[in-house]
Amino acid sequence: MIAVVISGTGLYRPPHVITNAELVESFNRYVDLQNGAHAAEIAAGTRQALVHSSVEFIEKASGIKQRYVIDKDGVLDPTRMRPRFAPRRDDELSLMAEIAVDAAKKALAQAGREAGEIDAVYCAAANMQRAYPAMACEIQAALGAGGFGFDMNVACSSATFAIEQAANAVRAGTARRVLVVDPEITSAHLEWRDRDCHFIFGDVCTAIVVEAADESRSADRWQILGTRLVTQYSNHIRNNAGFLNRCEDTDPDARDKTFMQEGRKVFKEVVPMAAAHIEQHLHALGFEPTHVRRYWLHQANLGMNQLIVKRLVGREVGDDLAPIILSEYANTASAGSIIAFHHHRADLVAGDLGVICSFGAGYSVGSVVVRKM
Ligand code: COA
């Protein structure tokens with residue numbers, strides 16, 4: 001099999017930050033407004049009063065301290081509680097494509113490639129802004145890339161699943177050079193009015209170039225030694241928004257049309273699943289978890305990542321072995337492990353082994369074992 005590498009990564013980071021203090025302040029104003037508006041029903045016992053959120057809970061339960069968002073005012077407006085995006089004409093670049101193009105250009109520059117040298121674009125994300133044409137086709141056109149493009153969604157594992165498809169395409173010769181983009185506008189699928197999850201997500205876009213090692217001009221090449229994917233059906237992370245909604249005559253703003261989860265169950269079920277997956281993948285390649293210099297894990301919860309790595313290497317570990325970016329970015333769906341890889345690989349040396357691993361809705365787990373060349 002020919003050697004395939006990741007030869008460049010790029011990151012689009014939105015311009016606005018929402019700190020936990022700002023988020024909680026606006027959420028609590030929303031709660032007060034709602035409780036005030038429904039005071040009579042609450043007093044009569046026909047409606048439950050909403051309860052305030054707290055910065056302390058968010059930081060202790062998740063490790064998240066802030067998040068980046070494309071629109072801040074709409075999210076923090078207690079009478080709105082979601083981002084405000086201006087609709088764009090069909091002949092304008094769409095929002096998802098805009099942030100994907102930004103991240104893609106940075107990844108291409110790192111790989112030392114022109115867009116015209118790309119012959120496949122995979123747009124892999126937890127949400128697509130429209131049904132068709134595929135976002136990937138628009139991104140391909142906006143960049144001036146050749147070949148073909150398609151969209152794929154495996155929720156928080158979209159990026160790692162796409163890396164496997166990219167590596168396989170290069171090996172099979174169906175594409176010479178693949179661009180994977182992960183535009184995650186999670187602020188639009190998050191229910192900012194739900195205390196249990198209003199702090200979880202942030203917006204971002206990552207991009208990765210995958211190509212044959214012997215063709216790569218990049219000074220920073222990461223050989224893909226192996227990829228391994230698994231899914232196991234679960235309803236504990238779910239979003240029922242979809243094209244059948246209008247035919248079902250259901251409320252488009254109903255709670256089930258945005259992100260929902262049973263956080264505690266997800267935590268309990270996904271930690272052993274992800275740890276076993278990584279261990280089995282490493283064993284299949286002839287490695288032990290202790291051989292790994294760095295784990296770039298999905299970024300949903302600090303405690304989850306600490307537990308997964310502890311299960312793997314048998315001891316408490318710090319940021320050096322498994323860097324955390326969720327304190328700054330929050331959960332960015334499929335982009336999280338790629339942001340960690342983007343920011344935290346410059347100190348590794350040739351021969352160092354690393355694992356990029358995502359886990360999320362599906363359930364889905366995707367791991368990519370890489371070695372610095
Ligand atoms: N502020 C203050 N208190 C809050 C709160 C908030 N925003 N949200 C919930 N609480 C309270 C709950 O009411 C509950 O109170 P109780 O014990 O009196 O019933 C308590 O805090 C614990 O709530 P729980 O939902 O069980 O918290 P948790 O410790 O499980 O943490 C998550 C919640 C979501 C941070 C955590 O479960 C998690 O990250 N799970 C993994 C999620 C994941 O990986 N998802 C993948 C998504 S892609």
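In the hairpin formed by β12 and β13, 3 residues lie between the strands, and Gly362 takes a positive phi near 140 degrees. Helices (H or I, at least four residues) and strands (E, at least two) are DSSP runs, numbered from the N terminus. The structure is a predicted model, in which local features need pLDDT of at least 70 and side-chain atom pairs count only at pLDDT 80 or more, while totals for chains, interfaces and linings use all residues. Residues are numbered from 1 along each chain as its sequence is written, and side-chain values use heavy atoms, with hydrogens and water left out.

Two strands are taken to pair if DSSP finds at least two bridges between them.

To β11 (residues 294–297), β12 is joined by 4 bridges, and the two run parallel; Tyr295 has Val355 of β12 as its bridge partner.

Strand β12 is also mostly covered, since 8 of its 8 residues are buried. A residue is called buried under 20% relative accessible area, exposed over 50%, and partly exposed in between (1.4 Å probe, protein chains only). In a regular strand the side chains alternate between the two faces of the sheet. In β12, Leu353, Val355, Cys357 and Phe359 point one way, whereas Gly354, Ile356, Ser358 and Gly360 point the other way, and all are buried.

Elsewhere in the sheet, β4 (residues 120–124) and β6 (residues 177–184) run parallel and are joined by 4 bridges. The bridge partner of Ala120 in β6 is Val178. Contact means heavy atoms within 4.5 Å.

Helix α7 (residues 158–172) comprises 15 residues and reaches 21 Å from its first C-alpha to its last, close to the 21 Å expected at 1.5 Å a residue. The expected span is 1.5 Å times one less than the number of residues. Of the 15 residues in α7, 11 are buried, and the helix is mostly covered; among the buried residues are Phe161, Ile163, Glu164 and Val170. After α7 comes Gly173, whose phi is positive, near 85 degrees. For helix α1 (residues 20–37), the 18 residues should span 26 Å at 1.5 Å a residue, and the end C-alpha atoms, 25 Å apart, agree with this. The buried residues of α1 include Leu23, Val24, Phe27, Tyr30 and Val31. Among the elements that cover the buried residues of α1 are β2 (16–19), α2 (39–44), α3 (55–62), β3 (66–69) and α4 (73–76).

Met273 lies in helix α8 (residues 263–284) and counts as buried because its relative accessible area is 14%. Leaving out residues up to four places away in sequence, Met273 touches Val230, Gln232, Tyr363 and Val365. Met273 and Val230 are 43 residues apart in sequence, and their C-alpha atoms are 9.6 Å apart in space. Arg345 is placed in the loop between α11 (336–343) and β12. Arg345 has 4% relative accessibility and therefore counts as buried. With residues up to four places away in sequence not counted, Arg345 touches Thr9, Gln110, Asp220, Trp222, Arg294 and Trp296.

The ligand has 18 residues around it, of which Ser53, Arg195, Gln261, Arg264 and Asn301 come nearest. A residue is near a molecule or strand if one of its heavy atoms lies within 4 Å of it. A polar side-chain atom of Asn301 lies 2.7 Å from an oxygen atom of the ligand. Polar backbone atoms also take part: one of Arg195 is 2.9 Å from a nitrogen atom of the ligand, and one of Ser54 is 3.2 Å from a nitrogen atom of the ligand. A polar contact is a pair of N or O atoms within 3.5 Å; within protein, one must be able to donate a hydrogen and the other to accept it, and residues adjacent in sequence count only if both atoms are side-chain atoms.
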